[in-house]
Amino acid sequence: MNISFDLDSTLIPNGKEFETEKRSGIAKLFGIEEIRKGTRELISHLQNHGHKIHIYTTLECLV
């Protein structure tokens, strides 16, 4: 099965709407986004069961 996840407000919070994984100081320094708690484990579990995972997002241009 193909399973897709959106980044914004699904895997990466747009505020404090869900709990996130702890980031290292290096990750914070390089501006690596916070990710929803349990995402890594979920994606690994799904892949281990033969599913294909797709991550997407949309870009909005402000003119």
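A residue is called buried under 20% relative accessible area, exposed over 50%, and partly exposed in between, using a 1.4 Å probe and protein chains only. The tour uses this scale at each stop.

This is a predicted model, in which local features need pLDDT of at least 70 and side-chain atom pairs count only at pLDDT 80 or more, while totals for chains, interfaces and linings use all residues. Residues are numbered from 1 along each chain as its sequence is written, and side-chain values use heavy atoms, with hydrogens and water left out.

**Whole chain**

Start with the protein chain in a cartoon view. Which elements does the chain run through from the N terminus on? The order is β-α-α-β, that is, 2 helices and 2 strands. Helices (H or I, at least four residues) and strands (E, at least two) are DSSP runs, numbered from the N terminus.

Along the principal axes, the C-alpha atoms fill a box of roughly 35 × 35 × 20 Å. The radius of gyration of the chain is 14 Å, whereas a compact globule of 63 residues would have one near 11 Å. That radius is taken over C-alpha atoms, and the globule rule is 2.2 Å times the number of residues to the power 0.38. Of the 63 residues, 22% are buried.

Now colour the chain by charge. There are 8 positive and 9 negative side chains, and the centres of the two sets lie 7 Å apart. Lys and Arg count as positive, Asp and Glu as negative, and His and the chain ends are not counted. Each charge is placed at NZ of Lys, CZ of Arg, CG of Asp or CD of Glu.

**Stop 1: Thr57**

Select Thr57, in the segment after β2 (52-56). Is Thr57 buried, exposed or partly exposed? Thr57 is partly exposed, because its relative accessible area is 35%.

In sequence Leu7 and Thr57 are 50 residues apart, but their C-alpha atoms are 5.5 Å apart in space. Leaving aside neighbours within four places in sequence, Thr57 is in contact (heavy atoms within 4.5 Å) with Asp6, Leu7 and Asp8. Show the side chains of Thr57 and Asp8: they make a polar contact at 3.0 Å. A polar contact is a pair of N or O atoms within 3.5 Å; within protein, one must be able to donate a hydrogen and the other to accept it, and residues adjacent in sequence count only if both atoms are side-chain atoms.

**Stop 2: Ser9**

Move to Ser9, in the loop between β1 and α1. Ser9 counts as partly exposed because its relative accessibility is 35%. Its phi is near 65 degrees, a positive value in a residue other than glycine. Most residues other than glycine have a negative phi.

Not counting residues up to four places away in sequence, Ser9 touches Asn14, Glu17, Phe18 and Arg36.

**Stop 3: Thr20**

Thr20 is in the loop between β1 (2-6) and α1 (25-29). With a relative accessible area of 18%, Thr20 is buried. Which side chain makes a polar contact with the side chain of Thr20? It is that of Glu34, at 3.4 Å. Beyond four places in sequence, the residues that Thr20 touches are Pro13, Glu34, Ile35, Arg36 and Lys37.

**Stop 4: Leu29**

Finish at Leu29 in helix α1. Leu29 counts as exposed because its relative accessibility is 66%. Select Gln47 as well: it is 18 residues from Leu29 along the chain, and their C-alpha atoms are separated by 30 Å.
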